[in-house]
Structure formats: structure tokens, C-alpha cells
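Please keep the 3D view open as you read.

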Amino acid sequence: MTDPYRITDAPVAAPRKPGDLLRPLLWLALFVSAAANMVLSTAAVNPWVSSAFGLVAALCAVALIVHHRRGRRAGEVDQRSRPS
């Protein structure tokens, strides 16, 4: 709710970046593939199947790290370009 006595306008929400949905999807894929890897590695299933889920989990972890590092680096550049 906005304050009717405030002179300034309410701040506008920042537009969402196109990659904002990527991080939650990567986390979801990481948890699902890690759980599937644990279940299938304890069950008497073909080891290639559990290894495939383990590979997907490892790739999701690497993608999350890369996504975090790139976002952090972009934030540092934005802070440097601002005048003091």
C-alpha cells in the first residue's frame, strides 16, 4: 500500500532478467538428479543409469557455480562504473 501523504512516487520494480529462471531450474534439476542417483545406486539397477544421473547432477553443480561467478563479476563491473 502506498502512503497518500508521500510526495515521491513509489519505486518501480526492476525488470526481470532473462536468466532469472535459470538458477531455480538448475537447483531443481540438481536435487532431482542427485536423489535419483542415490536411489538408483542403492537399487539393483544398471550402473550406467545411476551414473547418468550423477553426471547430470555434476553438470548442474558446475552450471550453478558458473552462473554465480558470472553474475557476481557483472555486479562488480556495475559497482565500479557508478560515480562516487
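A nonpolar core here is a set of buried Ala, Val, Leu, Ile, Met, Phe, Trp, Tyr and Cys residues joined through side-chain atoms within 4.5 Å. Buried means under 20% relative accessible area, exposed means over 50%, and partly exposed is what lies in between (1.4 Å probe, protein chains only). This is a predicted model, in which local features need pLDDT of at least 70 and side-chain atom pairs count only at pLDDT 80 or more, while totals for chains, interfaces and linings use all residues. Residues are numbered from 1 along each chain as its sequence is written, and side-chain values use heavy atoms, with hydrogens and water left out.

The secondary structure of the chain consists of two helices and zero strands; helices (H or I, at least four residues) and strands (E, at least two) are DSSP runs, numbered from the N terminus. Helix 1 spans 22-42, and helix 2 covers residues 47-81.

Now look inside. The largest nonpolar core has five residues, namely Leu-26, Leu-30, Ala-57, Cys-60 and Leu-64. Each of the two helices, helix 1 and helix 2, supplies at least two residues of this core, and the largest share, three residues, comes from helix 2. In soluble globular proteins, nonpolar side chains tend to be buried together. Of the 84 residues of this chain, 11% count as buried.

Next, the surface. The chain exposes about 7500 Å², and carbon and sulfur atoms supply 66% of that area; accessible areas come from the Shrake-Rupley method with a 1.4 Å probe, and for residues only the protein chains shown count as cover. Leu-21, Leu-25, Leu-28 and Val-32 make a nonpolar surface patch of about 390 Å². Patches are made of residues with over 30% relative accessible area and no salt bridge, where like charges are joined within 9 Å and nonpolar side chains (Val, Leu, Ile, Met, Phe, Trp, Tyr) within 5 Å. A salt bridge is a side-chain nitrogen of Lys or Arg within 4 Å of a carboxyl oxygen of Asp or Glu.

Leu-28 lies in helix 1 and counts as exposed because its relative accessibility is 53%. The C-alpha atoms of Leu-28 and Cys-60 are separated by 9.3 Å, although the two residues are 32 residues apart along the chain.

On helix 2, find Arg-72. Together with Arg-69, Arg-70 and Arg-73, Arg-72 forms a positive surface patch. Arg-72 has 48% relative accessibility, so it counts as partly exposed.

Note on methods:
Lys, Arg positive; Asp, Glu negative; His and termini not counted. Charge placed at Lys NZ, Arg CZ, Asp CG, Glu CD.
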